[in-house]
Amino acid sequence: MRRIMFFPLVCTAMLAVWGCRQEVTSDAERTEIVSDSSSRAHDAEQGGMYRDLQMGYRKSDSAPRMGSARILEQIRKHRAFDGAPPWIPHAVSPENERTGTRNCLNCHRDGGWVEKWQRYAPPTPHPEWTSCRQCHVPGDGGDAFRPSGWKTPAYPALNDRSQPAGPPAIPHSLQYRGNCLACHAGPSAPVEIRTTHPGRTNCRQCHVPANSDGTFPESKL
Amino acid sequence: MNPTDTTRRSFLKQMAAAAAISTVAELVPGAAFAGEAKEKASDGGLHWQKAPCRFCGTGCGLLVAVEHGVAVAVKGDPASPVNRGLACVKGFHAILALYGKDRLTNALVRKNGKLVPVPLKEALDLVAAKMKEISAKYGKDSIAMYGSGQWTIPDGYVASKFMKGCLGNNNLEGNARLCMSSAVTGFMTSFGMDEPMGCYDDFDHADIFVTWGNNPAEMHPVLFSRMLERKQNSANVKLIDLSTRTTRSSHASDKHIIFKPNTDLALANGIAHEILARGWQNNDFLAKHVTVRKGKTNIGYGLVDKENFKDEPVATTLDEYREFLKDYTPEKVEKISGVSAANIRYLASLYGDPSKRVMSLWCMGMNQHVRGTWINNLVYNLHLLTGKIATPGNSPFSLTGQPSACGTVREVGTLAHRLPHGVVTNEEDRKHAAEIWQVPVERINPKPGLHTVEIFRGLDRGDIRFLWVQVTNPMVTMPKLKRYREATQKEDRFIVVSDVYPTPTTEIADVVLPSAMWIEREGLFGNSERRTQHWNELVPPPGDAVADGWQLIEVAHRLGFTKEFPWTRENYNEKAYEEYCKHQAGKKHGMAPIADLKKNPGLPWPYVNGKSTKWRYHGKFDPAASGNTWDFYGNADHRANLWLRPYEPAAESPDKEFPFWLCTGRVLEHWHSGSMTRRIPVLHRAVPHAYVELNPADAKRMGVVDGDKVRLTTRRGTMVFPASVDGRGVPEPGQVFVPFFDEKLLINELTLDAHCPISKQPDYKKCSVRVEKA
């Protein structure tokens, strides 16, 4: 009887130790990602793995909020062209203006519900770059200095599949956008590009970059 | 457990929630189809081609995608060792600068007071005729040309050959005189050769980064990110910010030390004093590789027309240097600079620790300085005292502000005293140039021409009657602007301006020539780390726009110099570059051939036997250096110079009437005079106008809140600016800061044209100003 009672105790203890180790490993892995400079230059080659399965939510976000989903047009509105760094669509704090970094990652590292804006914050695909305002600037300064003739080029089509049930190809450059689930999963992901299977973490197992028009030259012969 | 961690169970719950939201959202009619009208097949067909960024001197490699003759996307080049795929917000939007609706596409000639469009040929005929006429009437030295560090290498080379080799006229300057000439004279006086000994690899090796009067978080963001990356990767790396104002760089640094304006001279001497007092100097290095020198003191501020200061350096001893430094004990320097003696000792401990690799970085703070040459010398002193130089991570590094300030103005030598190799005053250098140019050596004038401030003063006095401005905007960027703008409007002055957009400088022009911009023509730039980068013409220029260099060649042909420029519009870039390489041939400055540059994201010089030299002056890395250790071969004695340079105050310090310091500079989003970046909507919206930054305590005392109007008055004039209180930069009490990019709020109306008497570079960072609520 004593032995029977002892067994669950051992199991619980083992599970607790395992859980702790999992956390340590996860932190260590994160540190490794941050500290490995070579990975940054080649984030496009990381195979689409992403750093946090809980991407897009905070622990406190227990209940999903309805009516806040974004659509592609909304996020395209804040970019000069496909691949350009989006500008900041909301006011920034004086502290952020002074430091050029502070507070951005509070919301944009892992996402989550932001009471102030009544939105889910989109997580950045590149939280290791911390000088945020180097590339992202406020976009609320009024009229143009002089009229611009710039026309945003057409975005690539979605659902570029080689056959009806095939996995769609990746239609954009992966530079600084190699962390697939930052944009394709979670509550801030635009509905048109949300994955139906966020649990399958090795995205580039099935989705490959559309680096050409898909025609192998010789096949034309 | 950190707040972002969750259990597997809550994770699954959240994923279920995500799916629910997704489902709900997909039921919103039309939502999923919005924007589809704009879509096309795929971006997979994009063809990316390399070009260095058009903006600052970092020299990021970019990739540009072009479709149907229009640039449609730009990104950082992952293959570039400079930026490894990163860029800043300017680089990430650089192609938008091509497409302002008010691009200059026609030549314009002033007729009855108005600029009217004319065929390009007619405008070029007029320019050539005027050059001939004015030269005959007022003498050949009444002609001047003013370009910039945005000139491509071939264009600067064409300008140099045209002015110096064809016209025998040395009145050729580049606006790098306003931003880099103190760096040049600093290098020349300390090492006998221009440009940094190290390279950007130093960012990956240094343990300590000391920024001197520098705000790289905004001015060199990609290099700043490299510093942050290095810091993240190594626990012992420290960033130390020495400045007169609190900036984004200060916030990101481990320690921020504020000094009073112009007292960086005393601070550097104070650190040197402490290094010697503690015995932290590298005696072996000093004995073998350093000569101690001193020059004139109380050297003035260049405020008088035609003033022509000449230093008289003499060799001295380390003992005399120790004696000289007795005026710079940490306690004495604390009184001058406001930096605590403890902080001076701390800085000395960083420079003096043999286990730490130190990189010092600076840009305009040290260069736009009435003692710019001296402060450059004094920071080199710290690296020479400790032998921390020309090895990986030990690197005094002068940053540049323009994409080819180094490549063109400094290397090709579009300055009044320079030739593509050497100086006009040296007979051997003149012979070398004449031989390559195939012109009689007597044609090259041995007397240096006028430096930039003197060209504009000469225009006022009447010594200069014809001025051709290319790729720069002096009616925004000259100090004490009113005098020089009025000079251009005087009787019998003829001004030609080549540019891509209307600017305050095209407004004062008699002829405006439309220029092809950046990737609308082939070109080469040279960045801060001696890296030469080539790009092809990627999109056609609009209307009649042609490259600046081709405009010069067209006029040279009209003046009879066809033999000197036997090139075509299509091949002149390659031909000019190939000829330029002959001037620099050899182990000390050999340039990479164009074929190699086409295949690489830039290659630094000296390029010897197919290999770039990363660290100069050290036998382990530099084929030109003899032995296996340091060899400062730029100087005749193969030693670097350590200089006795005292602290002297600024030209104009605050007084009762004008009690504040006025400092000017840039912001991250705008580059130079803003003529390109303000036409990029995302950049303009981020910072739509200039402002005056006030210290919150001063603002409170004056009853000024953010956005209030504030009047600034100097001895040059008065202007009203919106106040920025609690904005991105915070000046010290008694100081204000204004960015200079805004052509509608031209702070240079108020600045002073005091300059370093050695480098002739104006000090835009220090004059006195009265500040009142308007």
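Predicted model: local features only at pLDDT ≥ 70, side-chain atom pairs only at ≥ 80, totals over all residues.

Student: Which residue stands opposite Lys111(B) in S5(B), and which residue in the hairpin of S4(B) and S5(B) takes a positive phi?

Tutor: Opposite Lys111(B) one finds Lys114(B). The hairpin leaves two residues between its strands, and Asn112(B) adopts a positive phi near 50° there.

Student: With which other strand does S4(B) pair in the antiparallel sense over two bridges?

Tutor: That partner is strand S18 (residues 511-514) of chain B, where Val512(B) is the bridge partner of Leu108(B).

Student: Let us turn to helix packing. How should I read the crossing of H2(B) and H21(B)?

Tutor: One takes the distance between the axes, then the angle, then the hand. Helix H2 (residues 120-138) of chain B and helix H21 (residues 548-558) of chain B have axes that come within 9 Å and cross at roughly 55°, and the two helices are therefore oblique to each other. Their crossing is right-handed. On the side of H2(B) the contact is made by Leu124(B), Asp125(B), Val127(B), Ala128(B) and Met131(B), while H21(B) contributes Gln551(B), Glu554(B), Val555(B) and Arg558(B). Sorted by class, this contact of H2(B) with H21(B) holds five nonpolar, one polar and three charged residues.

Student: What are the angle and the axis distance for H4 and H14 of chain B?

Tutor: Helix H4 (residues 181-191) of chain B packs against helix H14 (residues 372-386) of chain B at an angle of about 50°, with the axes 8 Å apart. That angle makes H4(B) oblique to H14(B), and H4(B) passes H14(B) in a right-handed crossing. From H4(B), Ser182(B), Ala183(B), Thr185(B), Gly186(B), Thr189(B) and Ser190(B) meet Gly372(B), Thr373(B), Asn376(B), Asn377(B) and Tyr380(B) of H14(B). The classes in the contact of H4(B) with H14(B) are two nonpolar, nine polar and no charged residues.

Student: Why is H4(B) said to be largely enclosed by the rest of the structure?

Tutor: Burial is read by counting neighbours, and a residue is called buried if 20 or more other C-beta atoms lie within 10 Å of its own. In H4(B), 10 of the 11 residues are buried, so the helix is largely enclosed by the rest of the structure; among them are Val184(B), Phe187(B) and Phe191(B). The cover over these buried residues includes helix H13 (364-367), H14, strand S15 (395-398), helix H15 (405-413) and strand S24 (640-644) of chain B. Just after H4(B), Gly192(B) takes a positive phi of about 75°.

Student: Is Ser673(B) buried or exposed, and where does Ser673(B) lie?

Tutor: Ser673(B) lies in the loop between strand S25 (660-665) and helix H24 (681-686) of chain B. Ser673(B) is buried, because 24 other C-beta atoms are within 10 Å. Leaving aside residues up to four places away in sequence, Ser673(B) touches Asn473(B), Val476(B), Thr477(B), Thr503(B), Phe741(B) and Glu743(B).

Student: Finally, how many helices and strands does chain A have?

Tutor: Chain A has six helices and two strands, which follow the pattern α-α-α-α-α-β-β-α along the sequence. Of its 221 residues, 29% count as buried.

Methods. Residues numbered from 1 in each chain as written. Chains lettered and ligands numbered in written order. Pairing = 2+ DSSP bridges. Helix = DSSP H or I, 4+ residues; strand = E, 2+ residues; numbered from the N terminus. Axes fitted to C-alpha atoms, helices over the stretch in contact; angles between N-to-C directions. Parallel < 35°, antiparallel > 145°, perpendicular 65-115°, else oblique. Left-handed = near helix turned anticlockwise from the far one by under 90°. Contact = placed C-beta atoms within 7 Å. Nonpolar A, V, L, I, M, F, W, Y, C, P; charged D, E, K, R; others polar. Buried ≥ 20, exposed ≤ 12 C-beta atoms within 10 Å, placed from the backbone.
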